[in-house]
Amino acid sequence: MHWGMLIDLKKCVGCHACTIACQNEHNLPFAMKYCKVAKVGPVGEYPNITAYNITTGCMHCADAPCVDGCPTGASRHRADGIVTVDPDKCVGCLFCMVVCPYGVRQLNEENGIVEKCTMCFNRLDEGLVTRCVETCQLQARSVGDLDDPDSELVKQIRKHNAQPLYSYLGTKPSIYYIMP
C-alpha cells in the first residue's frame, strides 16, 4: 500500500474549500495553510489565453530530501509512503524547509515545530478519505493506492497521463496532477 493523490486542475475552480477544510481538520492558526491554492496564468497566446488554479501541499515524496536531511529523525516515511513529522523529535531547525523543493513546510510559530500536510493519515487509517478530498464539491481530488494497478486512482492517472510536479527533481512525488 502506497497512498497517493490525484488533483484534476481542469476541475479546480480555486474556491479554497480544501484549504479551509484542512485548516479546520488540523486546528491550524489562520496564517498556516497545508493546502495552498494559487492562480496560474495567463498562459497561451491571444486569442487562446487561459488561466487555471493549482493546489499544492506536501508531495509525500518517496525520495524526500526533508526525510533524508532531518538531523533528528523527526521527518520520516510511514510504511504506506506518507511523510510525517514527529512533533516530539522536531527541534525547529528549519533544515527540512530549506531542502524541500516544493516549499510546503512551515514553522508553526505557536509551538516552534515545522509542520506540513499529513495526508490526513489519521482519517485514512480509519478508512475515511482525506478532508480535502471529502470537501471538494467538484471532485477535483481523489486519493488511493498507487501500488495497486487496478485502483481507481492508478486508472485515472494512466487515463489522463497525470504527472507529478517537477518530476525531473527525482523526489518521486505521490501527488499527481491532471493539467489543463
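Contact here means heavy atoms within 4.5 Å. With that in hand, the tour can start from the whole chain and work down to single residues. The structure is a predicted model, in which local features need pLDDT of at least 70 and side-chain atom pairs count only at pLDDT 80 or more, while totals for chains, interfaces and linings use all residues. Residues are numbered from 1 along each chain as its sequence is written, and side-chain values use heavy atoms, with hydrogens and water left out.

The protein chain holds 6 helices and 9 strands; these are DSSP runs numbered from the N terminus, with helices being H or I of at least four residues and strands being E of at least two. The radius of gyration of the chain is 16 Å, close to the 16 Å given by the globule rule for 180 residues, so the chain is as compact as a globular protein of that length. This radius is taken over C-alpha atoms, and the globule rule is 2.2 Å times the number of residues to the power 0.38. The C-alpha trace spans about 50 × 35 × 30 Å along its principal axes. Of the 180 residues, 46% are buried, where buried means under 20% relative accessible area, exposed means over 50%, and partly exposed lies in between (1.4 Å probe, protein chains only). Among contacts between residues at least 6 apart in sequence, 55% join residues at least 24 apart.

Next comes a sheet. Strands of a sheet pair through backbone hydrogen bonds, either parallel or antiparallel. Here, two strands count as paired if DSSP finds at least two bridges between them.

Strand β1 (residues 3-8) runs parallel to β9 and is joined to it by 4 bridges, with Leu6 opposite Tyr176 in β9. Strands β1 and β8 run antiparallel and are joined by 5 bridges, and Trp3 stands opposite Asp145 in β8. In a regular strand the side chains alternate between the two faces of the sheet. In β9 (residues 175-178), Ile175 and Tyr177 point one way and Tyr176 and Ile178 the other, and all are buried. In the segment before β1 lies His2, which counts as buried at 17% relative accessibility. Neighbours within four places in sequence aside, the contacts of His2 include Asp80, Gly81, Asp145 and Ser174.

A hairpin is formed by β2 and β3, with 2 residues between them. The two strands run antiparallel, joined by 8 bridges, and Glu45 stands opposite Asn48 in β3. Gly41 is found in β2 and counts as partly exposed at 42% relative accessibility. Its contacts, leaving aside neighbours within four places in sequence, are with Thr50 and Ala51.

Helix α1 (residues 17-25) has Cys18, Thr19, Ala21, Cys22 and Gln23 buried. The buried residues of α1 pack against β2 (36-45), β3 (48-56), α5 (131-135) and β8. Just after α1, Asn27 takes a positive phi of about 50°.

Two glutamines complete the picture. Gln106, in strand β6 (residues 106-108), is buried with a relative accessible area of 12%. The side chain of Gln106 reaches the backbone oxygen of Lys33 at 2.5 Å, within the limit for a polar contact (a pair of N or O atoms within 3.5 Å; within protein, one must be able to donate a hydrogen and the other to accept it, and residues adjacent in sequence count only if both atoms are side-chain atoms). Gln139 lies in the loop between α5 and β8 and is exposed, with a relative accessible area of 59%. The C-alpha atoms of Gln139 and Cys12 are separated by 8.4 Å, although these residues are 127 apart along the chain.
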